[in-house]
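Please examine the structure shown below.

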Amino acid sequence: MKGKPKNPERRKFLKKGAAIAVGAALLPKSLNASYKGPIDEWYAMLYDATKCIGCKSCTVACKRVNHLPPELGRDGIHDMAIDLSARTKTIIKLYKSKDGSKSSFVKRQCMHCVHPACVSACPVSAMQKDKKTGIVFWDRNRCIGCRYCMVSCPFEIPKFEWDKAIPHIVKCDMCKDTYLKEKGTTACADVCPTGAIIFGKRYELLYEAKKRVKKYPQRYYPRVYGEKDAGGTSVFYLAPKGISFQDLGFPKLKESPARISETIQHGIYEIVVPPFLTVGALYLVLKRSEKEE
Amino acid sequence: MLQETKFEVMRGRIVTKTFLFFAFFVILMVIFLTIRFTEGLGAVTNLSNGYPWGIWIAYDVVVGSALGCGGYALAILIYILNKREFSPLIRSALLTSALGYTMAGFSVIIDLGRYWNTYGFFIPARWNTSSVLFEVAVCIMAYTLILWVELTPVIADKTGWDKKKIEKIVMVAAVLGLILPTLHQSSLGSIHLISLGKLHPLWHSGFLPLYFLSSVILMGYAVTAAESLISSYYFKRPYETHLLKRLSIYMVYIGIGWVIMRFLELLLWGKIKLVFTSGFLSIMFWIEILLFVFPSVMLWQKRHELTPRKIFVYSIIYLFAGALYRFNVYLIAWNPGNNWVYFPSFMETMITIGIVSFEFVIYLVFVKTFPVFPAKEV
Amino acid sequence: MSRYGYLPGLSEGISRREFIKLLTIAAATMGLPVGFVKKLEAAVKSPMRPPVIWLHFQECTGCTESLLRASNPALAKLILDIISLDYHETLMAAAGKQAEDVLYHMINKYEGKFICVVEGSIPTKDNGIYCQIGGKKAIDILNDVGNKASAIVAIGYCASFGGVQSVDPNPTGASGVLQVMKDKPVINVPGCPPNPYNILATLLYVLTFKKIPELDKYNRPKFAYGRRIHDHCPRRAHFDAGRFAKEFGDEGHRQGWCLYQLGCKGPVTYANCPTTQFNDVGVWPIGIGHPCIGCTQPKVGFFLPVKFKVKPQEAVPPEQFPPITVKQGKVTVAGVAAASAAVGAALGAAGVIATRLPDKREVDHEGKTKES
């Protein structure tokens with residue numbers, strides 16, 4: 001230590017560095033604690049693929065209620081969305097097995113996750129989860145259009161208006177400001193002629209879904225999608241026997257992608273940064289004592 | 001600080017053929033940007049609901065800011081490891097960093113759909129500290145500012161401001177300039193932690209932040225070396241070979257260390273089979289690894305007989321290695337499923353080229369106006 | 001029946017059976033239950049029926065002609081009968097000054113009580129000199145008569161929305177009644193020609209209920225013009241299935257497929273043509289293979305070329321379903337070229353610079369050797 005030439009500037013530099021680092025460590029760790037809302041009481045929907053007849057009333061009702069323009073298909077006439085988009089918040093898709101022997105409809109819309117990746121990802125809290133209803137919704141006054149929600153969503157739900165100079169992020173919000181407000185249910189669930197999609201509280205629907213699977217093992221794929229998948233969702237799915245949820249286009253996810261990201265991100269703040277600070281502080285003390293000597 | 005080293009202004013006309021060449025692409029960019037801001041992102045880009053982020057993020061922001069880490073990497077050497085002999089390189093490195101980061105910020109504004117709402121970053125009620133992107137955005141904004149503050153002595157040399165006052169501010173800035181890139185460059189990797197199931201497991205791992213951070217330091221040295229050599233050539237100045245030789249050795253350490261980390265992780269997490277079974281992505285993986293290994297081996301073997309040309313070539317290969325790794329994570333190995341495809345459109349690429357050209361234009365003007373390069377006589 | 005007798009005995013040929021039948025159709029057109037037929041009958045038979053003044057301006061008289069030449073003559077008889085027609089240039093025997101005298105006598109005598117029916121558009125350009133009757137400008141006649149009428153019924157596309165003569169460049173400034181008479185109740189019964197049942201139903205409604213029927217935003221009675229042609233089109237199934245006639249006389253046209261691609265304006269035109277039809281034998285344009293031209297819809301009929309394809313405004317579910325995964329996204333040749341060129345240029349530039357850099361160890365910061 002003694003032989004090395006002292007560099008007063010460097011010492012000053014390290015000192016200030018330590019001061020700033022300590023200051024940073026005192027900042028609140030996370031303003032956004034994990035959700036501890038009344039999960040059971042959250043609004044939810046249950047889609048039973050064995051009951052769906054593919055009439056698309058839900059799509060049309062959704063468009064009518066939420067004032068979405070038609071998405072013209074290749075013929076330029078019909079509202080023929082091939083996927084969810086900024087003009088289509090819900091869609092009926094058709095699964096056909098390769099040999100054509102098995103088929104099933106599936107309705108896609110926002111899953112309103114229990115621990116939503118989009119909400120975790122949004123830098124300016126434009127994606128939010130209502131603590132009381134559990135609805136995941138988008139706030140146009142906050143959104144900066146970075147599209148990280150789209151990158152993060154494991155179900156590919158948020159969509160962007162690519163053709164607009166003032167674009168919106170579009171996703172299902174359970175008719176929060178439209179139908180739900182007036183009629184107390186979602187438009188798709190209300191118009192469904194067969195009851196393939198029903199609206200209710202999360203615990204009721206989970207109970208109902210499990211009851212159906214248990215009562216008709218010949219009819220259903222023996223699992224409810226959304227109870228634990230992707231950390232739990234508020235939209236549950238029942239598939240026909242012999243068709244898995246992966247066939248219907250759902251990802252296999254044991255936990256929310258937000259969990260690993262948040263764990264590591266907070267880990268860096270909490271586990272990696274403090275040792276560095278300690279070492280830095282120790283170094284400073286040593287330097288000072290050396291100087292006093 | 002840095003009083004020991006003398007710096008000087010480059011002589012020569014500002015408007016040269018090179019300048020006009022780059023200016024042409026800047027004008028082209030302005031035209032395409034007009035379309036982007038009036039007709040929306042879809043009019044100029046091939047971005048889609050499946051690939052919401054394209055080359056503007058992957059290249060301009062992620063690779064661009066990594067290329068702008070020369071100042072950061074050098075600062076680690078000079079301030080933390082106390083290698084004062086590198087200080088002649090610091091000004092040009094800081095300038096490249098400042099330009100790189102400013103352009104990265106500029107690209108972000110172009111890429112943001114609702115850019116007028118960015119003031120939200122200054123409203124605490126809107127902060128989402130769980131968001132990696134929040135941290136990245138705040139750090140990058142702050143760091144860009146800091147880089148320009150760090151450059152104020154350069155301007156002060158010309159304008160004759162009171163250097164003593166500036167020095168104190170620059171000192172604080174330099175400290176922050178070390179902390180902030182550490183945070184956000186690692187977070188540029190953490191961004192895709194949330195892409196669980198979308199990013200191929202060969203790339204998706206909890207160590208993403210570490211890989212990004214270590215490779216960005218490597219890229220920082222490589223870009224400093226390359227830039228030093230190019231400007232020495234372009235402005236007909238002597239080469240700083242003896243410094244660059246030592247930099248090369250640091251690059252080798254990091255490059256090899258990085259590759260070992262990758263393989264260790266794949267082994268320990270039982271993903272090693274994937275390096276052969278992932279088809280096209282396996283190939284991309286091996287190209288990426290080779291781009292890190294090859295220059296490391298070559299530089300190490302020839303460490304006693306390094307010439308400007310060799311250092312330049314291997315630095316450039318390192319830059320391509322780091323860039324490919326970032327492209328792999330952000331675009332190539334990132335697949336939203338559902339059969340989406342993406343390739344940048346013509347206008348999208350031209351805007352990126354325009355941004356890079358803009359950087360060159362400002363660089364050329366800046367070094368001919370302010371003292372950035374070390375004086376020939378020491 | 002008529003007060004002046006120039007329309008003698010028109011209703012004499014109608015049997016009671018026919019009479020009730022027509023009233024029933026009219027009631028159905030208005031969406032009234034069968035019970036109302038009695039009420040309508042009473043109104044028709046009432047001796048206190050308000051007189052009607054029928055004005056003709058810039059037009060082809062097609063509305064009147066098609067009415068008179070209806071396959072069921074009883075219908076025309078009934079219409080002309082129930083309304084106590086007192087002035088109709090095509091039908092009246094009087095001519096010249098005599099006819100004009102009658103007109104002004106009538107409007108003064110029945111001021112605020114009679115119904116004014118207008119057929120044809122009103123020229124407004126150059127003070128309206130382009131259409132004059134007995135030296136009097138159309139716009140003045142309409143002002144004189146219309147202002148004293150209890151209500152104005154505009155018959156046909158010309159009177160309602162200006163007609164074919166109002167299409168650009170519109171040399172005479174042809175306008176619909178509504179554009180000229182801003183503060184009188186105007187009922188538009190558009191069409192080219194309008195369905196006689198709609199005329200009958202509208203007049204019967206006013207007579208029976210002594211009020212104006214519920215109107216839409218273009219002042220058309222909602223009972224007749226409340227729904228789109230597209231919504232009740234017998235060819236709709238072909239539309240939904242995507243089967244279209246592409247040319248007149250092609251296979252699809254002969255198979256009776258949807259006429260949308262021939263320029264059918266049904267998706268934006270509001271009228272009851274598909275349900276009421278014409279000539280009592282179930283014919284109407286789309287029925288006989290011609291696309292709807294939109295003659296009841298302002299700015300559609302005559303304004304849009306016949307072949308022009310309108311855009312359906314509502315979300316309509318198609319028959320096909322999207323699969324779970326679909327190939328989406330764009331890769332353009334120009335994009336690939338530009339990106340390759342950019343990467344190539346970067347590599348090339350690096351290569352060029354590399355070859356220019358010295359490959360000698362001695363070259364140093366101290367400047368011992370100059371660069372080559």
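Glu288(B) is buried, with a relative accessible area of 0% (buried means under 20% relative accessible area, exposed over 50% and partly exposed in between, with a 1.4 Å probe and protein chains only). This is a predicted model, in which local features need pLDDT of at least 70 and side-chain atom pairs count only at pLDDT 80 or more, while totals for chains, interfaces and linings use all residues. Residues are numbered from 1 along each chain as its sequence is written, chains are lettered from A and ligands numbered from 1 in the order in which they are written, and side-chain values use heavy atoms, without hydrogens and water.

**Salt bridge in chain B**

- Glu288(B) and Arg262(B) form a salt bridge through their side chains at 2.5 Å, N to O (a side-chain nitrogen of Lys or Arg within 4 Å of a carboxyl oxygen of Asp or Glu).
- Arg262(B) is in helix α10 and Glu288(B) in helix α12 (residues 280–301) of chain B, so the pair ties together parts 26 residues apart in sequence. Helices (H or I, at least four residues) and strands (E, at least two) are DSSP runs numbered from the N terminus.
- Arg262(B) also counts as buried, at 1% relative accessibility.

**Salt bridges in chain A**

- Over all chains, the whole structure holds 20 salt bridges.
- One of them joins the side chains of Arg212(A) and Asp48(A) at 2.8 Å, N to O. Arg212(A) belongs to helix α7 (residues 202–215) and Asp48(A) to strand β1 (residues 43–48) of chain A, so this pair ties together parts 164 residues apart in sequence.
- Both Arg212(A) and Asp48(A) are buried.
- Glu227(A) and Lys210(A) form another salt bridge, at 2.8 Å, N to O. Glu227(A) is partly exposed at 26% relative accessible area, and Lys210(A) is partly exposed at 38%.

**Interface of chains B and C**

- In contact (heavy atoms within 4.5 Å) are 36 residues of chain B and 31 residues of chain C.
- Zero salt bridges are counted between chain B and chain C.
- Helix α13(B) gives the largest share of the side of chain B that touches chain C, seven residues.
- That side of chain B has 19 nonpolar, eleven polar and six charged residues. Ala, Val, Leu, Ile, Met, Phe, Trp, Tyr, Cys and Pro count as nonpolar, Asp, Glu, Lys and Arg as charged, and the others, Gly among them, as polar.

**Helix α6 of chain C**

- The buried residues of helix α6 (residues 138–148) of chain C include Ile139(C), Leu142(C) and Val145(C).
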